[in-house]
Amino acid sequence: MELEIVPLGQLWPDPNNPRKDFGDLDAMAATFESNPVRPFEPVNPPVVVPDGEANGMPAFRIVDGERRWRAMTKAGAVQACAVIVCTMDEANAMAAMVATDDKAPLTEAELSRGVQQMLAVGVAPEEVDKAARLKRGTAARVRKVAREGTEQMSLDHLLAASEFEDEADREEVLAASEKAWEARAESIRRRLRVEAEAASFRRACESLGIPVAEEKPEGEGISYLRSCRSLEGLAGAWSEMPEGAVALIVPAETTWDQTRAEFYGPRAEEPESPFAEAARLFSARVERAREAREAFLAELLMEEEGVLAAMPVLEAARASGENLSSPWTWQIQGWMARHYKNPSTTFVSEGTIVGAFIHMDTANPAWVSVRSGEVLVGYSTEYAEHWIALGEALEKCGWEPTPDELGLRDEIRTTIANRKFEEDDEAADEAEESEEEDE
């Protein structure tokens, strides 16, 4: 290795240099002025190897410092110092070009190209990691997928493909564009997670002696019984199943879905409640009111000032305690798609109103039981109260409820009052019993 002054015209760049963007050469040349030993030359001279002749004089191939050479040449320099290395094989030359540090780091594309070139000429992966300042093991993963045609891919793109053991999955990621590979890789990761979850459910069923069906059980007398969405709950769920029941492993289909075991088997026939017909009639009345309300709101939101006109719905929902922070839920998008072919540009505002409507409408009084012909509000009186509040809010928007809906509201209000009276009586009785025990 010798430091000599050589004519810059006798140097030529290595075609394998991964760097293609040489940046601001004028700015770089300006920094050479501060060299105290040889002003107007870089502190770190280019590294070159002898490679043929030019104009009857020895020629040298640049293995480290092409950007510095270009900056000196552009600034008008004729000669400069260079480090001449007489024996430097191709692998070491590639490592030197990628590891060079002249205040202009390689772009992602250049770094990826350099790493792949080093691997192609036989540089050990661990040496590539050091030269390119990569996390240990990165080059080995790149080597797993690098091939002809991947030179322009970023390292992240190649590393994503290397995650997958299946050749078809790797090919799918490699075939994706630089803009699409991340989404493609995440889709495969999710599919593999779901497959792993389904396999875990299957193994758990086998260990518990639960027969697993390959297809959804069908036939006379076979019914869906229940689902279990956790491995820990399988044993308990199975203990409740009747003889002849089987499990069906159902992989999650959407991001908000969960992989689960569905149980199917014979269901004991239960005698129909004498009040079942009354319950069906009540639910049908609620459904008719819901359809009419929804049609009204959809038409209202199509009007120019429809969002402002529908504000009472939003106010009612907020009064019920709903947050309504995001209009981008799948329920809202489904509602919009059902009513509008081309939702307007005010989708966020409309979506918020729709979200408020869905919240209030979902809490409907159809979740009831009927006893002695009387409608009993189920679970919580809040559901029925919200449903009534939604109707009143829609009236403020111009909605005209049918006489049947008005009758429904009166029936439900009466039931709510009776339920609260009963609850107050029960609370009073409990308080009295507690006082007697204390005495």
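**Around aspartate 169**

Tutor: Leaving out residues up to four places away in sequence, aspartate 169 touches Phe164, Ile188, Arg191 and Leu192, where a contact means heavy atoms within 4.5 Å. Before going on, bear in mind that this is a predicted model: local features need pLDDT of at least 70 and side-chain atom pairs count only at pLDDT 80 or more, while totals for chains, interfaces and linings use all residues. Residues are numbered from 1 along each chain as its sequence is written, and side-chain values use heavy atoms, with hydrogens and water left out.

Aspartate 169 belongs to helix H8; helices (H or I, at least four residues) and strands (E, at least two) are DSSP runs numbered from the N terminus. With a relative accessible area of 6%, aspartate 169 is buried (buried is under 20%, exposed over 50%, partly exposed in between, using a 1.4 Å probe and protein chains only).

Now bring in the neighbouring helix. H7 (residues 155-162) and H8 (residues 167-175) have axes that come within 8 Å and cross at roughly 160°. Axes here are lines fitted to C-alpha atoms, for helices over the stretch in contact, with angles from 0 to 180 degrees between N-to-C directions. That crossing makes H7 roughly antiparallel to H8, since angles under 35 degrees count as roughly parallel, over 145 as roughly antiparallel, 65 to 115 as roughly perpendicular and the rest as oblique. On the H7 side the contact uses His157, Leu158, Ala160, Ala161 and Ser162, and on the H8 side Arg170, Val173 and Leu174.

Lysine 144 sits in helix H6 (residues 138-145) and, setting aside neighbours within four places in sequence, contacts Ser162, Phe164, Glu165 and Arg170. The C-alpha atoms of lysine 144 and leucine 159 are 9.1 Å apart, although 15 residues separate them along the chain.

Step back to the loop between helix H5 (125-132) and H6, and you'll find arginine 133. Its phi is near 55°, a positive value in a residue other than glycine. At 57% relative accessibility, arginine 133 is exposed. A glycine with positive phi turns up too: glycine 76, near 95°, follows helix H2. The buried residues of H2 (residues 66-74) are Glu66, Arg67, Arg68, Trp69, Ala71 and Met72. Their cover includes strands E2 (11-13), E4 (57-64) and E5 (79-84), along with helix H1 (25-31).

What about cysteines? The whole structure has zero disulfides, a disulfide being a pair of cysteine sulfur atoms within 2.5 Å. For cysteine 228, the nearest cysteine sulfur is that of cysteine 205, 8.5 Å away. Cysteine 228 is buried at 4% relative accessibility, and cysteine 397 is buried as well, at 12%.

The chain has 17 helices and 11 strands, and 41% of its 439 residues count as buried. Among contacts between residues at least 6 apart in sequence, 66% join residues at least 24 apart.
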